[in-house]
Amino acid sequence: MQKIIMSGDEAVARGAWEAGVSVAAAYPGTPSTEILENMALYKDDVYATWANNEKIATEIALGASIGGLRAFAAMKHVGMNVAGDPIFSAAYTGVNGGMVIISCDDPGCHSSQNEQDNRWYAPHAKLAMLEPSDSQECKDFMKEAFRLSEEFDLLTLLRLTTRVCHSKSLVEQGERVMPEEKKYKSEFTKFTMLPVNARKRHVIVEENLEKLKEYSYTSPLNRMEINNSDIGVITSGISYMHAREAFGDSVSYLKLGITYPLSDKLIKDFAAKVKTLWIVEEGDGYLEATVRGLGLECVGKEKLSCQGELDAARVRAAFGVGETTETYTAEAQAPARPPVLCAGCPHRGFYFALNAFKDKLVAVGDIGCYSLGASAPFFGFDIAICMGSGFSIPIGLSKALEKQNDSRKVFGLLGDSTFFHSGFNSLVDAVHSGANVCLCVLDNSITAMTGHQENSGTQKNLMGYEVPPVSILEMIYATGIAKERVIIADPIDQEAMQAAIKTAVENEGVYVIISKRPCALLKEVIKANAGIRCEIDADKCVGCKRCMKVACPSLAFENKKAWIADPANCNGCGLCMQMCKVGAISRIGGAK
Amino acid sequence: MTTNILLTGVGGQGTILTTKILSTALAQLGYDVKMSEIHGMSQRGGTVNTQLKYGEKVYAPNIGEGEADIIVAFEKVEALRALPYLKKGGSIVMDEREIYSMPVLTGDAAYPHDAEKELKELVGKVTVIPASKIAEELGSIKAQNICLLGALVKQLGLNETDWEKLISESVPAKTIDINLAAFKRGYEYAE
């Protein structure tokens, strides 16, 4: 069979396809996004769709599973919190067609708001759990996840981490094999979670987990590598790779592929073969808790902290094994290179306008590209917690400021995709509460942060088909808010955007601003702006640095003059032009 | 034993594609290969690292501090930032290009223009290539990555691969000629 290099995410999609999956849904989120993007490559065989949030994705997949098809929902770790509601109850119902939940955790917070360890969800929600260590296992485990889900009538959690999702290694390709066809059949006692049924299903799910625990003892997904009888390492997922790299053949291993339910018998067998047990795991002491619960002595989290991402060097240092690595230290310091809003980004205009009213408002942000406006030089908001909270935290915060006679107005900021995800729910609460807030939808017509995924506002879906776009404006109007309290403005147009913010600041009650301009990196935007850029007349420039205040990465200042240092990325948005008092900046290459 | 290569640059410079082409070549040569990247926020001007490990058998996909044999820096200061990952005795291949980050542009931080000198004194094995300049001369600065790839391939001695074919299959059709020329110039430039 042909072996090709695939990322873990690609391999998961391939495994799902080979397993005969028919429906797949997800909300984009790093490091999980590419699973669905790759699933859509098989659109002739699989219905692959972005859902507006992880709960909906789970429920779409669940509906397909109940209907008899193999289905999965993929999400980043924090998305599983959103999907928790259907997951906890669908765990009781079990499946018809196999159903897999994929959680992509992000140890080290590479692009996340926390580093929660979703392995705890498996015992908590009563899910079977598999943890692959590389791309080949991503594919193999995905197939096994569907098989186990059907054989044991359990929801199966495939738990990945950033390094598994985004590392590429060789994967043997297989063929698509369709499972035995299952029809939808009405099963009220199994799929309707009324108390009377739920109580009975709870008994059944516990029995099924017990059966899987028995099976787990012999599953090829768990394996021992006995090299000697001194030290035995218990590990799973990517941590196995780090341990293997750090210790080589100097220790023995129990590599666990099924990490819930854990086979007590297997762990005890392994413990009997070695003198000392080491637990190597990234994140929390999840395996360690079970090992200790069996009354076994082990070394784990006291050596390897639960924070951050592991690598072999860290594992070696923690357990004091192997050579210590030597490196170089330079005296020169590398200046920070934080990610910034792109040249021509509409959010830059929004934040610049917001800053003009800094002392009159308190801003709450959310999750998306616009979170880049939180740092220097805009310091655009003080608070950001989770998807959708940008529109609900302001309700409570406004009450607090009111009590303290603080007259500042609370602004909430979130993007179009976040609006569809859960922001709309919060908007309804805000309108209904009549709180003194201004809610701003930073609508750039795409889910930008994760790399341009379609959402309910776009005219095409993941599979490239034309779909009816949902109007954010009409959804806002549907709350019954007075139309004069809804303002649409182009964020690059400072006069319009500042006027909108001023109105909201100076008047009591709920306001909604739609800051509307498409992402500068959208293909059609790049095409429309081809050849257009700003130019600075060095003779006219007086070196006042006003243009530098917009913090555009295309602009630089040297020898007392501003200049366009990166003309290739300047799209001539003209925000800097509006700052210049002496008319030194002009737009060239087209009428705009 | 594995050979560990850390490629570092600024979002948009094409470190990921470079690593992918190299990985494919190494896999074709029969090596076990793992490549690791972190993306998500990197399109927006931040530092991008991709890591490549190859050998008979590779376990961990990522490179820890002091574990890289070679650092390939697409920008000068990124070589400096990645230095803690270089093992004693390792080498650096770098472009002389300077790309100023936002704190430098706004005057909040200084760019260490003499970093190259210090790196040469400290590490010794430093190959500096004007890859961006070469790519620009050839017609597109975007071919910088393939120029650096040429230099890296020379250093690694990977002469059994049909690079012309592999590069042609990996880059956009319109840019094949420029990229092939950039590869050749990078290869010839390297020691």
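**Where the parts meet**

Me: What is the area buried between domain 3 of chain A and domain 4 of chain A, and what share do carbon and sulfur atoms give?
Reply: About 870 Å² is buried between domain 3 of chain A and domain 4 of chain A, and carbon and sulfur atoms give 62% of it. Just keep in mind that this is a predicted model.

Me: Where do domain 3 and domain 4 of chain A lie in the chain?
Reply: The domain assignment puts domain 3 at 346-525 and domain 4 at 529-588. Their centres, taken over C-alpha atoms, are 28 Å apart, and the contact takes eleven residues from each of these two domains.

Me: How many salt bridges and how many polar contacts are counted between these two domains?
Reply: The salt-bridge count is zero, while five residue pairs are in polar contact. On the domain 3 side, helix H14 (residues 346-355) of chain A gives the largest share of the touching residues, three of them.

Me: Now for the two chains. Why is the pair A:Arg316 and B:Glu67 called a salt bridge?
Reply: The cut-off is 4 Å between a side-chain nitrogen of Lys or Arg and a carboxyl oxygen of Asp or Glu. A:Arg316 and B:Glu67 are 3.1 Å apart, N to O, so the pair qualifies. Across the interface of chain A and chain B, the rule finds six salt bridges, along with 23 residue pairs in polar contact.

Me: What makes S8(A) and strand S2 of chain B a pair of strands?
Reply: Pairing takes at least two bridges. S8(A) and strand S2 (residues 32-37) of chain B have three, so they count as paired, in the antiparallel sense. In that pairing, A:Ser169 stands opposite B:Lys34.

Me: How many residues does each chain bring to the contact, and what is the area buried between them?
Reply: Chain A brings 54 residues and chain B brings 59. The area buried between chain A and chain B is about 4,800 Å², with 59% from carbon and sulfur atoms. In chain A, the residues that lose the most area to chain B are A:Lys168, A:Tyr328 and A:Arg337, together 21% of what that side buries.

Me: What kinds of residues form the side of chain A that touches chain B?
Reply: They divide into 29 nonpolar, twelve polar and 13 charged.

Technical notes: Residues numbered from 1 in each chain as written. Chains lettered and ligands numbered in written order. Predicted model: local features only at pLDDT ≥ 70, side-chain atom pairs only at ≥ 80, totals over all residues. Heavy atoms only, no water. Contact = heavy atoms within 4.5 Å. Buried area = accessible area lost by both parts, 1.4 Å probe. Polar contact = N/O pair within 3.5 Å; in protein donor to acceptor, adjacent residues only side chain to side chain. Nonpolar A, V, L, I, M, F, W, Y, C, P; charged D, E, K, R; others polar. Helix = DSSP H or I, 4+ residues; strand = E, 2+ residues; numbered from the N terminus. Domains from an automatic or database assignment.
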